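Work through each task before reading its solution.

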Amino acid sequence: MSLRLFNTLSRAVEPFEPLEPGRVRMYTCGPTVYNRAHIGNFRAYIFEDLLRRHLKWTGYRLTHVMNLTDVDDKTIRASMAEGIPLKQFTRRYIDAFFNDIDLLGIERAEHYPAATDHIPDMIDMIRVLLDKGIAYRSDDGSIYFSIQKFPAYGCLAHLDRAGLRPGARVAQDEFEKEDAADFALWKAWSEKDGDVAWDSPWGRGRPGWHIECSAMSVKLLGPSFDIHCGGVDNIFPHHECEIAQSESVTGRPFVKYWLHCAHLIVDGKKMSKSLGNFLTLDDLLKEGFGGREIRYQLLATHYRQTLNFTRDGLHAARAALLRVDEFTERLRARAAETADALPDWAETGRAAFRAGLDNDLNISESLAALFDMLRAGNKALDDDAVSPGAARAVLQLLDEWDGVLGVLKPAASETDAEVRALVDARQAARAAKNWAESDRLREEIARRGWIVQDTPQGPKVRKA
RNA sequence: GGCGCGGUAGCCAAGUGGUAAGGCGGAGGUCUGCAAAACCUCUAUUCGUGGGUUCGAUCCCCACCCGCGCCUCCA
């Protein structure tokens with residue numbers, strides 16, 4: 001069975017067939033770089049990372065673009081509040097973003113275009129829309145997209161034009177629009193923008209948010225591409241607007257598969273600053289959790305399901321990963337240099353793992369396959385029924401899986417000389433059956449953050 | 001008002017018209033100087049509630065209850 005994905009356009013799971021055989025072009029909405037990203041953002045990026053890795057594992061050549069929104073109301077407001085140039089302000093959060101995704105084991109996309117580097121492309125697109133009579137200029141010099149001119153508007157969100165009820169968030173002063181539902185392609189400069197402005201045929205101003213993604217995706221991936229991802233909140237209006245703009249300009253179908261990631265909640269409640277459960281990666285690292293545990297928890301729930309992020313969940317992730325690590329170590333201790341055939345119990349797991357991910361990235365099925373294999377493998381090791389060549393083959397399989405999950409390999413942890421000396425001293429005490437001294441030394445080692453385990457092969461040390 | 005999602009063991013979380021994956025936690029056991037880890041066994045007669053369809057429903061249909069999302073720039 002090959003890959004099937006849920007397409008928001010059809011609201012159904014469809015077989016995945018790229019526009020060009022063997023090649024996938026994918027665009028994912030990236031961060032707005034005005035503050036530190038929160039774990040909800042990372043949930044989306046980790047889902048996209050899983051998709052990306054699985055596509056590569058399947059054998060596709062992949063071009064993945066993730067944009068950086070480095071100009072919008074929030075970036076402008078925040079940089080002006082600090083009194084520093086926009087570019088300098090956003091640089092700080094772009095750096096933080098890359099630092100964070102590294103900590104979470106998120107692979108780099110092929111391109112990270114920044115909106116401010118593509119203003120001319122946006123202007124070109126807007127010009128075409130004006131020429132076609134789809135966009136219009138208002139009195140203040142802003143340009144709007146007329147949704148009346150794009151009958152399919154609403155196809156992604158499955159919203160009727162008639163069903164669009166003006167929400168509280170429609171600014172009251174936007175009287176210059178012909179229709180309240182029209183959206184801005186270009187915003188004329190206003191005092192609030194400070195020195196953030198670009199010249200255009202319609203005067204100074206800046207692009208609207210939606211056109212940024214249309215311009216950069218079409219430029220880097222072409223008029224039609226395979227996959228576009230984002231959080232569910234982007235379905236409307238952002239992605240709806242992208243479709244309207246892009247298809248109006250190119251006359252071609254914009255995106256074949258739209259994939260959207262559900263939100264997460266923290267301790268059963270919506271994440272919000274007022275509830276004090278608004279979490280950034282830094283917050284969790286300060287609490288002593290590692291990027292690997294955080295990645296595991298964010299990864300382990302199916303992407304279309306609301307995820308409940310909890311400290312308990314992080315502890316559960318830590319325990320589960322420890323089991324994986326122990327299993328890997330047991331195999332390593334047994335493995336030969338070269339691999340033989342995979343044992344039956346691993347062959348079963350191999351198929352099940354793959355089937356899970358192919359089924360719209362059903363990670364739960366795949367993790368179940370992993371743990372089923374782990375149990376069977378441990379049993380076989382206990383029974384001394386694993387040949388060195390088989391052990392190597394299973395290690396290779398785990399390596400292959402980790403290419404997709406990005407979470408199975410432990411972070412390298414090197415003991416220092418001091419801890420090693422304590423471990424040696426403890427071994428000496430144990431050999432002398434001096435249990436009191438042995439236990440005291442174990443305490444000593446624990447205080448330095450390490451756990452000693454006595455095994456038939458001698459003591460093993462791991463980070464607490 | 002419109003569109004849509006979800007309610008499965010203490011917690012997290014899959015799943016299917018044929019009688020409940022997996023993880024964490026918990027209990028007992030094997031092993032161990034003691035631990036730890038690992039392994040074995042156990043831990044939902046039951047899938048929000050009430051009807052219906054069916055030989056059979058957690059899974060399909062209807063109603064209801066509860067929680068949640070979107071309806072113009074929040075992943």
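Axes are lines fitted to C-alpha atoms, for helices over the stretch in contact, and angles run from 0 to 180 degrees between N-to-C directions. Helices (H or I, at least four residues) and strands (E, at least two) are DSSP runs, numbered from the N terminus. The model is predicted: local features need pLDDT of at least 70, side-chain atom pairs count only at pLDDT 80 or more, and totals for chains, interfaces and linings use all residues. Residues are numbered from 1 along each chain as its sequence is written.

**Exercise 1.** Describe how α4 and α6 are arranged, and name the residues that meet.

*Solution.* Step 1: the axes of α4 (residues 119-131) and α6 (residues 235-250) cross at roughly 70° and come within 9 Å. Step 2: angles of 65 to 115 degrees count as roughly perpendicular, and α4 and α6 therefore are roughly perpendicular to each other. Step 3: in contact (heavy atoms within 4.5 Å), α4 supplies Met125, Val128 and Leu129, and α6 supplies Gln245, Ser246, Ser248 and Val249.

**Exercise 2.** Which residues come nearest to RNA strand B, and which helix gives the most to the surface near it?

*Solution.* Step 1: a residue is near a strand if one of its heavy atoms lies within 4 Å of it. Step 2: of the 58 residues around RNA strand B, the nearest are Ala181, Lys187, Gly231, Asn234 and Arg323. Step 3: α11 (363-382) gives the most, with 9 residues. Step 4: a polar side-chain atom of Arg323 lies 3.3 Å from a phosphate oxygen of RNA strand B.

Note on methods. Chains are lettered from A and ligands numbered from 1 in the order in which they are written. Side-chain values use heavy atoms; hydrogens and water are left out. Angles under 35 degrees count as roughly parallel, over 145 as roughly antiparallel, 65 to 115 as roughly perpendicular and the rest as oblique. A polar contact is a pair of N or O atoms within 3.5 Å; within protein, one must be able to donate a hydrogen and the other to accept it, and residues adjacent in sequence count only if both atoms are side-chain atoms.
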